[in-house]
Amino acid sequence: MKKILIISDGEVGKHFIERVIDTYTTENIYYVIETKASNFEDVNPGRFKFYEFDPTSFYKLSNVLKMEFIQVIVCMDNRSDLEITLKNIRNVKKQIRVIVLDQWDMKLTDPNTVTINSNELLASRLIDYLPNVPVIAQNVGLGEGEIMEVLVPFGSSFVYRHIGVIEQKNWRIVAIYRNRQLIMPSRRRMIQPNDLLVMVGQPPVLQSVYRAIKRELGQFPAPFGSNIYLYIDMARQGKEEIERCLEHASFIHGKFPNQLVIKVINPGDIDLLRHIKSYRESDTIIDICYALKPKTSMILSDIKKYHIGLVLVTSGLFEDQELRRTIYDGNVPVLKLAKRPFSNIKDAVLLLSGNRDLEKVSTTVFDVSSQLGLNLELIKYTHDHYESADETIEHYNNLSTIFSKSNKVIEMDHNPIRELQKKENFLQCLPFSEKIVERPLLSMFSTDSETLYHRLDSYHQIFIPVRI
């Protein structure tokens, strides 16, 4: 988790904090200093820590700066207070990156301080409305995210790599800014920490690239959320099945060390409830719903309430189309639990097809397999002649180099689903698309391996959303 310090004392700063609260990210913790405390709605206490004091006080500010922040953002309405605050920061942290809202055309020479000139921003926005004047940098193109810039952090998998060895399919690095200088990219150019990359490409692809640049492996269930959600229906699940999925959830929780939320509906067996409550620990929440006819829509409110990033359900519950639709609308991954033991899984498997969604979920697939300690296998049916399947293999091979995690391509001459049914255990990874929500009966005559996911119901399966 990256710590960011925000110092604010005016209306602009207050609006900025509100925007940050609404921003969906799980990788940052924000420490907010205000001269006068404000009331903010829907604040996640796990991501925001608030202080109320005057940042011009060196003693108070230095105590906060004892923590390791990667960045400080200063948004103040009084110039003299801003200058004293900057001086206090530099007396403690010489090299930290500081972003300053400049409302007075200040001339700051510190190379580690970035000024955002509010007058220039307003003028730039207004000039967009003048006729026959070209738009510079802002709103270029379709304005749908096909042009993106990203700062490469220390520890990124892109650091110290030559541009020529980075796969750039459907996107390109078109410019590099280093030490306020424009550098034109070439195959032999090496990316360094704090480089600002300007990229052009298809918006979904750029989003995937952005996540790959900004984080190392080991962040799942980010960027979908932070916590794990186990859904139990005591009216539809027997005691043995519930005990088994509790064991699975406990093991998975150990691999993804965030909070585990156990949701129980239709409670009936008192002894079984006591057994479920025995799993309550400091990082585990037991939420029991006593409503007579609970609706699956409550899952959506729970996803928001608990900041859920991974939902666990059994294969029997996942057969309910209404439940599948609800989780799909929640836009979070779902891990469908089977009867087989989870702890002895060694392989994560992807069945290749003509669907390019496998590329969209690739970063998450590598992250999941890495955290669970699984080998990654790509299964290709030799009688399918999808050009996109070969491109998907190339994409995963490039990512395996970036993430330093190997993957294996296995070609099968026979029906791959029947061949996989002979394996003892594995985790199948699939894109969570509309095809999964449809009724399995509609896929009776389909040859699409994704719509036939139910043929491998006896194995654990993870469905990863393609809409992020």
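This is a predicted model: local features need pLDDT of at least 70, side-chain atom pairs count only at pLDDT 80 or more; totals for chains, interfaces and linings use all residues.
Reader: Which residue forms a salt bridge with D329?

Author: R325 does. The closest N and O atoms of D329 and R325 are 3.9 Å apart.

Reader: Where do D329 and R325 lie?

Author: Both are in helix α10, four residues apart, which is about one turn of the helix. In general, an α-helix has 3.6 residues a turn, so residues three or four places apart point the same way.

Reader: What about G330, buried or exposed?

Author: G330 sits in α10, which covers residues 321–330. With a relative accessible area of 19%, G330 falls under the 20% limit, so G330 is buried.

Reader: I303 is in helix α8, then. Which residues are buried in α8?

Author: In α8 (residues 298–305), M298, I299, D302 and I303 are buried. Those residues cover an arc of only 145 degrees around the axis, so they are on the same side of α8.

Reader: Which residues are exposed on the other side of α8?

Author: K304 and K305 are exposed there.

Reader: What covers the buried residues of α8?

Author: The cover includes strands β11 (227–233), β12 (260–265), β13 (284–289) and β14 (308–314). Helix α10 is part of the cover too.

Reader: What follows α8?

Author: H307 does, and its phi is positive, near 55 degrees.

Reader: Switching to charges. How many salt bridges does the count come to?

Author: 15 salt bridges. One of them pairs D287 and K263, whose side chains meet at 3.3 Å, N to O. That pair links distant parts of the chain: D287 is in β13 and K263 is in β12, 24 residues apart.

Reader: D287 and K263, are they buried or exposed?

Author: D287 has 13% relative accessibility, so it counts as buried. K263 has 6%, so it counts as buried as well.

Reader: Which residue meets K336 in a salt bridge?

Author: D457. The side chains of D457 and K336 meet at 2.7 Å, N to O. This pair also links distant parts of the chain, its residues being 121 apart. D457 is in the loop between α15 (434–437) and β20 (460–465), and K336 is in strand β15 (residues 334–337).

Reader: Which residues do salt bridges that share partners join into one network?

Author: K263, D287 and D302. D302 is one of the buried residues of α8.

Reader: New topic, strands. How many bridges join β7 to β10?

Author: Five. Strands β7 (residues 147–151) and β10 (residues 196–201) run antiparallel. M148 has M199 in β10 as its bridge partner.

Reader: And how many bridges join β8 to β10?

Author: Six, and β8 (residues 171–178) runs antiparallel to β10. There, Y177 has L196 as its bridge partner.

Reader: Where is the place of N28?

Author: N28 is in strand β2 (residues 28–34). N28 counts as buried, because its relative accessibility is 14%.

Reader: What does N28 touch, not counting residues up to four places away?

Author: M1, K2, I4 and R47.

Reader: Last one, the whole protein. How many helices and strands?

Author: 15 helices and 20 strands. Of the 468 residues, 49% count as buried. The protein exposes about 23800 Å², and carbon and sulfur atoms supply 50% of that.

Reader: Among contacts between residues at least 6 apart in sequence, what share join residues at least 24 apart?

Author: 72%.

Methods
Residues are numbered from 1 along each chain as its sequence is written. Side-chain values use heavy atoms; hydrogens and water are left out. Helices (H or I, at least four residues) and strands (E, at least two) are DSSP runs, numbered from the N terminus. Buried means under 20% relative accessible area, exposed over 50%, partly exposed in between (1.4 Å probe, protein chains only). Two strands pair if DSSP finds at least two bridges between them. Contact means heavy atoms within 4.5 Å. Accessible areas come from the Shrake-Rupley method with a 1.4 Å probe; for residues, only the protein chains shown count as cover. The arc is that of the directions from the helix axis to the C-beta atoms. A salt bridge is a side-chain nitrogen of Lys or Arg within 4 Å of a carboxyl oxygen of Asp or Glu.
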